[in-house]
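Morning, everyone. Please bring up the sequence and the structure, and I'll walk you through the points worth looking at.

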Amino acid sequence: MAFHSNESLKLITMLKIENLHARVEGREILKGLSLTVNAGEVHAIMGPNGAGKSTLGNVLSGREGYEVTAGTVTYNGIDLLALEPEARAAAGVFLAFQYPVEIPGVNNTYFLRAAFNAQRKGRGEKELDSMQFLKLVREKLKVMQISDELLHRAVNEGFSGGEKKRNEIFQMAVLEPQLAILDETDSGLDIDALKQVAQGVNALRSPERAFLMITHYQRLLDYVVPDFVHVLADGRIVESGDKSLALKLEEHGYVGIGEGAPA
Amino acid sequence: MNQSAPLPLVESLLDAQLPGSGIAWLDAARRENREAFASGGLPDTRVEAWKYTALRALAQRSFASGDSQAQTRVVDAAPLTLPGIDGPRLVFVNGVFRADLSALDSLQDGLTLEPLSLALRGDAEPLRFALSRHYRETGDAFARINAASAGDGLVLRVAAKTIVAVPVQLVFVGASAESALAWHARNVIELGEDAELTLVEQHVASGEQAHLATLVSDIELREGARLHHIILQNAAIGASLVRRSSLRLHGRAHAKVHVLELGGALVRHDLRAELVGDGAQLDTRGVFMPHGRQHIDTQLAIRHQALNTTSSSNWRGVANDRARGVFRGAIVVAPGADGSDASLSNKNLLLSPSAEIDTKPELEIYADEVKAAHGATVGQLDERSLFYLRSRGIPQAEARALLTAAFCRAVLDDLPNETLREHLSTLLIAHLPT
């Protein structure tokens with residue numbers, strides 16, 4: 001399974017973030033963040049609380065209330081920031097939420113089919129009927145090792161923390177995004193749930209797909225081995241390296257990281 | 001309102017000839033109610049029950065009385081049928097019974113079903129109590145004019161211990177006519193001891209019109225009787241519709257009422273229930289969804305008057321554009337109704353900044369060991385949920401519709417007829433803004 005695009009002959013740039021500045025409620029959170037992600041790569045974004053990790057995920061997925069004041073985000077050659085959230089999803093961007101939302105009264109399968117077909121429609125592809133869709137979903141359930149009982153319930157309603165996170169990964173498996181952003185998907189999970197989530201992510205790794213894993217802890221990276229690790233502090237990437245950087249952080253914490261990094 | 005010159009509405013309604021019956025007590029009751037309407041006029045917004053529903057505009061309009069051509073009007077057949085409902089059917093066009101559109105053959109033993117116009121030609125004595133009622137307050141203006149003028153409607157009786165196997169369907173069609181009409185219908189419904197019935201009441205439109213219709217239903221449930229009453233109001237967008245449903249529940253009787261208010265320009269529904277026998281139980285569920293410039297007002301009034309009576313009410317309102325929704329839920333637990341349990345919830349969604357919903361839950365308790373809960377909220381769609389759906393690729397308008405439908409569907413969940421439930425759910429979604 002281990003695939004490293006940096007060993008391949010040609011790198012295809014998927015996401016290029018340049019000098020990104022963003023404000024939330026009038027407060028500047030991202031202060032000149034730059035990052036390039038190529039197809040097939042897994043990038044881990046680590047950093048202390050308040051560094052801007054979740055803001056990055058929210059800005060990339062188009063959440064309201066996040067104001068970009070400078071910089072650009074180019075995704076597959078297009079200006080990502082100009083797109084509505086639903087158009088970003090149709091273009092292949094997926095955000096696994098740190099706190100997945102409970103939606104009473106909306107059946108999980110119905111929701112997922114509506115999303116799946118809306119994305120296909122957005123791309124000018126044919127929609128699947130409920131039988132075709134159910135077949136697809138059953139295959140994905142097997143891969144993700146999720147019980148089909150989850151399908152019959154309302155979206156995330158009454159789900160445990162672990163079930164919610166697994167449901168995010170399951171949605172990702174069905175929607176097959178090109179760029180998956182995992183916002184602290186590991187937080188609040190016990191070791192078994194973490195392994196299941198990691199297994200789900202690993203099953204989806206492919207040369208065409210890139211991952212941005214936002215995490216506070218190194219723990220997840222034991223199970224989903226990243227190609228690159230970046231340290232985000234005070235709204236900027238202050239240090240980048242390979243997976244050994246995560247281990248160094250685990251040992252020494254965030255203190256002293258990024259000193260001498262380019263401004 | 002009644003001090004100054006007579007209002008065009010009052011004048012035009014009084015213009016109507018009373019339907020002659022030749023039954024002395026009935027003619028007297030009609031005359032008295034007519035006089036009460038003439039002298040009392042219309043309630044203004046100082047009357048608590050009409051606080052949020054001003055009749056000023058309606059009061060300036062005139063309506064032709066009744067429809068002399070109701071028997072022959074061609075009406076759309078489509079809204080007369082409902083998926084999942086296939087039983088006896090009574091159809092009234094502009095308030096007049098239409099045998100040709102109804103289905104009353106092969107009625108089950110123990111079920112009596114006939115139009116009021118026909119019932120009054122036979123032995124009218126069993127109707128005496130319901131039809132000789134006097135309405136005491138100005139707030140009852142429409143009930144008064146209805147009592148004076150209604151010549152048709154439904155008379156339904158279920159004999160003791162009779163379980164009516166199929167739902168009975170009652171359809172009121174507002175059909176377009178040469179001018180705006182006023183028509184009045186009256187239902188008298190009684191379920192005998194341990195009898196069981198499902199009644200589906202529909203208000204539908206055939207063509208555009210701006211009629212004024214009033215409907216008064218008296219529903220009596222004897223000991224142990226069970227009624228499921230489903231009301232689907234989808235009247236013409238220009239129609240005014242004022243309804244009153246009064247239920248009386250004797251011991252162990254159980255009434256379940258589902259209401260869907262979708263159509264009409266000015267709609268008012270007074271849903272009143274008296275739980276007069278020990279252990280009586282009432283469940284009400286409803287959705288009102290005004291849009292455009294619609295005004296939909298529901299006044300729910302429940303009186304617990306006996307031991308260990310239970311009521312649960314769950315209502316949802318969704319207002320869009322410049323529409324207005326009104327909900328008042330007044331529950332009284334009277335002295336002696338010890339051990340009663342009353343709950344009332346009314347949650348509302350405003351989909352537009354110009355829409356308005358006024359909600360007022362009221363609870364008065366005069367008994368002991370009572371369990372009671374009530375609450376009302378008015379809010380907007382949850383932004384977090386909306387973003388969650390959009391982030392998965394569902395376009396904004398579709399996401400809003402999905403969340404709104406889910407919000408409303410909660411009150412349809414305990415509708416046992418799945419085909420009908422799906423149909424009502426589809427109607428709800430069709431009614432949502434796109």
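Start with Asp194(B). Asp194(B) counts as partly exposed, because 17 C-beta neighbours fall inside 10 Å. The cut-offs: buried means 20 or more other C-beta atoms within 10 Å of a residue's own, exposed means 12 or fewer, partly exposed is in between, and C-beta atoms are placed from the backbone. Asp194(B) sits in the loop between E7 and E8 of chain B. Its phi is near 55°, a positive value in a residue other than glycine. Most residues other than glycine have a negative phi.

Some housekeeping. This is a predicted model: local features need pLDDT of at least 70, side-chain atom pairs count only at pLDDT 80 or more, and totals for chains, interfaces and linings use all residues. Residues are numbered from 1 along each chain as its sequence is written, while chains are lettered from A and ligands numbered from 1 in the order in which they are written.

Back to that loop. Gly192(B) lies there too, between strand E7 (181-191) and strand E8 (196-206) of chain B. Helices (H or I, at least four residues) and strands (E, at least two) are DSSP runs, numbered from the N terminus. Leaving out residues up to four places away in sequence, Gly192(B) touches Val158(B), Ala159(B), Ala160(B), Thr162(B), Arg222(B) and Ala225(B). Contact here means C-beta atoms, placed from the backbone, within 7 Å. From Gly192(B) to Leu403(B) is 211 residues in sequence and 42 Å in space, C-alpha to C-alpha.

Now chain B as a whole. It has nine helices and 20 strands. Its radius of gyration is 21 Å, close to the 22 Å that the globule rule gives for 434 residues, so chain B is as compact as a globular protein of that length. That radius is taken over C-alpha atoms, and the rule is 2.2 Å times the number of residues to the power 0.38. The C-alpha trace spans about 70 × 50 × 50 Å along its principal axes. Of the 434 residues, 52% count as buried.

Domains next. Chain B is assigned domain 1 (8-277) and domain 2 (382-434); the bounds come from an automatic or database assignment. Their C-alpha centres lie 31 Å apart. Eight residues of domain 1 of chain B are in contact with eight of domain 2 of chain B.

Then the two chains. Which chain B helices each supply at least two residues of the side that touches chain A? Helix H7 (383-391) and helix H8 (396-409). H7(B) gives the most, with seven residues. In total, 18 residues of chain B contact 21 residues of chain A.

Last, chain A. Helix H5 (residues 161-175) and helix H6 (residues 191-204) of chain A pack at about 5°, with axes 10 Å apart. Axes are lines fitted to C-alpha atoms, for helices over the stretch in contact, and angles run from 0 to 180 degrees between N-to-C directions. H5(A) and H6(A) are therefore roughly parallel. Under 35 degrees is roughly parallel, over 145 roughly antiparallel, 65 to 115 roughly perpendicular, the rest oblique.

One more positive phi. Asn19(A), in strand E1 (residues 13-24) of chain A, has a phi of about 50° although it is not a glycine.

Definitions and conventions:
Two residues are in contact if their C-beta atoms, placed from the backbone, lie within 7 Å.
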